[in-house]
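Dear colleague,

Please find below the structure that I am handing over to you. My findings follow directly after it.

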Amino acid sequence: MLTLLADILSWALILTGGAFGIIGGIGLLRLPDFFSRIHAASITDSMCAPCIIAGLMLQSGLTLVTVKLAFLIVFLFLTSPTASHALAKAALHGGLEAGKKHGPAEARES
Amino acid sequence: MSLFAHYNYHLAIILAMIGFYTMISRSNLVKKVIGLNVFQVSVFILFISIGVHEDGTVPILREGYHMYSNPLPHVLILTAIVVGIAMTAVALALVVRIREEYGTVEEDQVQAQDEEPGAT
Amino acid sequence: MDTLVDILLLAFIAICAIAILRLRDLFAVAMMFGMFSLIAAGLFTTMHAPDVAFTEAAVGAGIATILILVTLGQTARREKSQAGRNVLLPLLVVWITGATLIYGTADLPVFGDPQAPAHTHVAPYYIENTQEHIGIPNMVAAVLASYRAYDTLGEVVVVFAAVIGVITLLGLRRRPAGVESRPRDLEKHQVLKVIAKMIIPVILLFGLYVQFHGEYSPGGGFQAGVIFAAGIILYALVFGLEPARQVIPPRVLGALPALGVLIFGGTGVLNQLLGGNFLDYSVLAGNPQTAQQMGIIMIEVGVGVTVGSVMLLIYFIFAERALGRRKDDGEVGR
């Protein structure tokens, strides 16, 4: 009974993670502003990957693999938001202004 | 079915040809180096796919597994990856020097400067 | 199911390669190259090669992307327009080569075929005898460091020769005249500073783990050296080049590649002095398995030291050269 519950929960988590990945991908393509696109991409890092890893943790039970996966989630939570932060900082430094629409780079020949 | 039997080789060759085309048709030297790297990685993919055993697993001895994929291509490709990055580093150092001497990294501009009558 | 994953990954990697070909903004090309390496690492994992995936991810997506970016900081940002060029001849060459190669693969064994010569010829010897001769689970490390240690020696020497080549071309510590390294203003980079201070000790510890646990899990000297260098390069990127150069004193860093090759070759000579052949580990201890494992650990240390110090040295040389290129903002390489 418990394994069935764990199985169902892990499947739900993995599917949720996949859904968040798709949401992040659609946001990356469709949002108008560079900074909102960074936000959409970071949804993939902060929701999609940890949900999938949590689902995998439930699948593997109480073994060493679960501990390693837990470390993975911690590492992802530390580094992915930092990467988005560094990206936004670099964009500001490069002169991109917040609040305006940013098209593809080739269209902004300067 | 026969068309899909060798799909790994075909796709690796297509990838290699894309890298090869980048190398020979683009004039920017840095892009040529990147194209060379693409070509290298596709050759690695080809090589590793030769060593795959369809019932096998990772070549690390473990209780309960009997069939393993061939460890020899892995060893060769490990060496090849590190040698490839060493070669890329030397190539990029050459590009930096060319930039300092000629002021440009586009190959046709470099060649034009070389062929000028007053060039050293 | 495996086939589907393989085909999907290969399709993604083909799209990345085409993007590398078509994009003209070279920073974007560098990022696509990092993604290309990472998908290739994923492909290697699905093809039962985690060692290779490890190395490809660390080297291709890590070091190669960094080197390309540092080079781009000193050269052009955009590729010149390719409008007027004649593409007929390159296309013809590529099509003919590709067609010939694909025609040549018609006789090759099917993907994964258990009866292929790749699985019946030399591999069964290694698979069956690793446990008895050497006693470590990771067969790739066993073949790399014991059965085929000569090839590894040649490769370490090639890496060493590469760093000598880069030093010859760019100079060990040649800063353009009149340029000083300004101390980096860290107050603006609080988040990066804090996270880097938390992550870098973990990265270095992980490098040590990969080095010494490489006999029981995917790992070994190459991956460990690259991870170690990547940790210190992260430190250099966040805190500036000067503090990073003081992590390892420049004289020591310049001598470390040679020290690694010396450790490797010295192990071979030690075996000769003890009465065996060059790189014949059986003379190192009484029990043959222990002797093999001792030899493997020694040469893996040599490999790790050389590869780590070479990657670090090459990055420092490139970054020093980039100082003073961009006098206006100078973010790259400082």
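Among contacts in chain C between residues at least 6 apart in sequence, those joining residues at least 24 apart make up 71%; two residues are in contact if their C-beta atoms, placed from the backbone, lie within 7 Å. The corresponding share in chain B is 45%, again among contacts between residues at least 6 apart. Please note that this is a predicted model, in which local features need pLDDT of at least 70 and side-chain atom pairs count only at pLDDT 80 or more, whereas totals for chains, interfaces and linings use all residues. Residues are numbered from 1 along each chain as its sequence is written, and chains are lettered from A and ligands numbered from 1 in the order in which they are written.

Chain C has 13 helices and zero strands; helices (H or I, at least four residues) and strands (E, at least two) are DSSP runs, numbered from the N terminus. Along the principal axes, the C-alpha trace of chain C spans about 65 × 50 × 35 Å. Of its 334 residues, 43% are buried. A residue is buried if 20 or more other C-beta atoms lie within 10 Å of its own, exposed if 12 or fewer, and partly exposed in between, with C-beta atoms placed from the backbone.

Chain B comprises five helices and zero strands. Its radius of gyration is 20 Å, well over the 14 Å that the globule rule gives for 120 residues, so chain B is more spread out than a compact globule. Here the radius of gyration is taken over C-alpha atoms, and the globule rule is 2.2 Å times the number of residues to the power 0.38. The C-alpha atoms of chain B fill a box of roughly 70 × 35 × 15 Å along the principal axes, and 52% of the 120 residues count as buried.

Turning to the interfaces, chains B and C have the most contacts among the two pairs of chains that touch. Their contact involves 82 residues from chain C and 71 residues from chain B. On the side of chain C that touches chain B, helix α3 (residues 50-74) of chain C gives the most, with 14 residues. That side has 55 nonpolar, 18 polar and nine charged residues, where Ala, Val, Leu, Ile, Met, Phe, Trp, Tyr, Cys and Pro count as nonpolar, Asp, Glu, Lys and Arg as charged, and the others, Gly among them, as polar.

Residues making the contact include B:V30, B:I34 and B:N37 of α3(B) and C:V52, C:G60 and C:A64 of α3(C). By class, this helix pair contributes eight nonpolar, three polar and no charged residues. In α3(B), 18 of the 22 residues are buried.

No contact joins chain A and chain B, and their closest C-alpha atoms lie 15 Å apart. In chain A, A:P32 lies in the loop between α1 (2-30) and α2 (34-60). A:P32 counts as exposed because it has 10 C-beta neighbours inside 10 Å.

With kind regards
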